[in-house]
Amino acid sequence: MLNNYYDYYQKLKNSIGKKYLGIILMLMCTVFASTGQVFFKFASEQISLNPLLLIQNIPLMIGLFSYGLGAVLFTVALRLGDLSLLFPLLALNFVWVMILSSLIFSEVITGFKILATIFIIIGVSFIGVSQ
């Protein structure tokens, strides 16, 4: 089964190019990492230092899984592209978390948050275009 995934990965890498696949994987990484952070927020409502209660905290386990999947995608993406190009894409986590926290937790998006988000997107775009 793993060979099938590896073969698919190789075909995808050859068809769209290493650099672009790395960027796609980094974007997926930010989505999974941001989702993990949202689940950490849910988990914080019932957090405990008791190890038994920690492993029974379903939102925490989902958050760890999602965050871990993001870390794996990040690691694979680094194999495909330059760290100086891919790492700044992690700043998009701030964008996704702001959007998700507004939609899920009804947090207020202020003008300053919108302005900061615009600067993040412009900065990430400049880095991408310069490569």
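**A nonpolar surface patch and its surroundings**

Ile109, Phe112, Ile114, Leu115, Ile118, Phe119, Ile122 and Phe126 make up a nonpolar patch on the surface, and their accessible area together is about 830 Å² (Shrake-Rupley method with a 1.4 Å probe, where for residues only the protein chains shown count as cover). A patch here joins residues with over 30% relative accessible area and no salt bridge, linking nonpolar side chains (Val, Leu, Ile, Met, Phe, Trp, Tyr) within 5 Å and like charges within 9 Å; a salt bridge places a side-chain nitrogen of Lys or Arg within 4 Å of a carboxyl oxygen of Asp or Glu. The model is predicted, so local features need pLDDT of at least 70 and side-chain atom pairs count only at pLDDT 80 or more, whereas totals for chains, interfaces and linings use all residues. Residues are numbered from 1 along each chain as its sequence is written, and side-chain values use heavy atoms, with hydrogens and water left out.

Phe119 counts as exposed because its relative accessibility is 55% (exposed is over 50%, buried under 20%, partly exposed in between, with a 1.4 Å probe and protein chains only). Thr117 also lies in helix 7, but with a relative accessible area of 10% Thr117 is buried. Once neighbours within four places in sequence are set aside, Thr117 is in contact with Val95 and Met98 (contact being heavy atoms within 4.5 Å).

Val95 and Met98 are both among the buried residues of helix 6, together with Leu92, Asn93 and Ser101. Helix 6 covers residues 92–105, and its 14 residues should span 20 Å at 1.5 Å a residue, which agrees with the 19 Å between its end C-alpha atoms (the expected span is 1.5 Å times one less than the number of residues). Ser106 follows helix 6 and sits in the loop between helix 6 and helix 7. Its phi is near 55°, a positive value in a residue other than glycine, and Ser106 counts as exposed because its relative accessibility is 60%.

Elsewhere in the chain, the largest nonpolar core has 14 residues, of which Leu25, Met26, Ala77, Leu86 and Leu89 touch the most other members (a core is a set of buried Ala, Val, Leu, Ile, Met, Phe, Trp, Tyr and Cys residues joined through side-chain atoms within 4.5 Å). At least two residues of this core come from each of helix 2 (18–44), helix 4, helix 5 (83–86) and helix 6. Leu86, leaving aside neighbours within four places in sequence, is in contact with Gly22, Ile23, Met26, Ala77, Leu78 and Gly81.

Ala77 is one of the buried residues of helix 4, whose others include Pro59, Leu60, Gly63 and Phe74. Helix 4 (residues 58–80) reaches 33 Å from its first C-alpha to its last, close to the 33 Å expected for its 23 residues. Ile62, also placed in helix 4, counts as partly exposed because its relative accessibility is 36%, and its C-alpha atom is separated by 9.2 Å from that of Ala43, 19 residues apart along the chain.

For the whole chain, there are seven helices and zero strands, and 27% of the 131 residues count as buried. The accessible surface comes to about 8,700 Å², with 73% belonging to carbon and sulfur atoms.

Notes: Helices (H or I, at least four residues) and strands (E, at least two) are DSSP runs, numbered from the N terminus.
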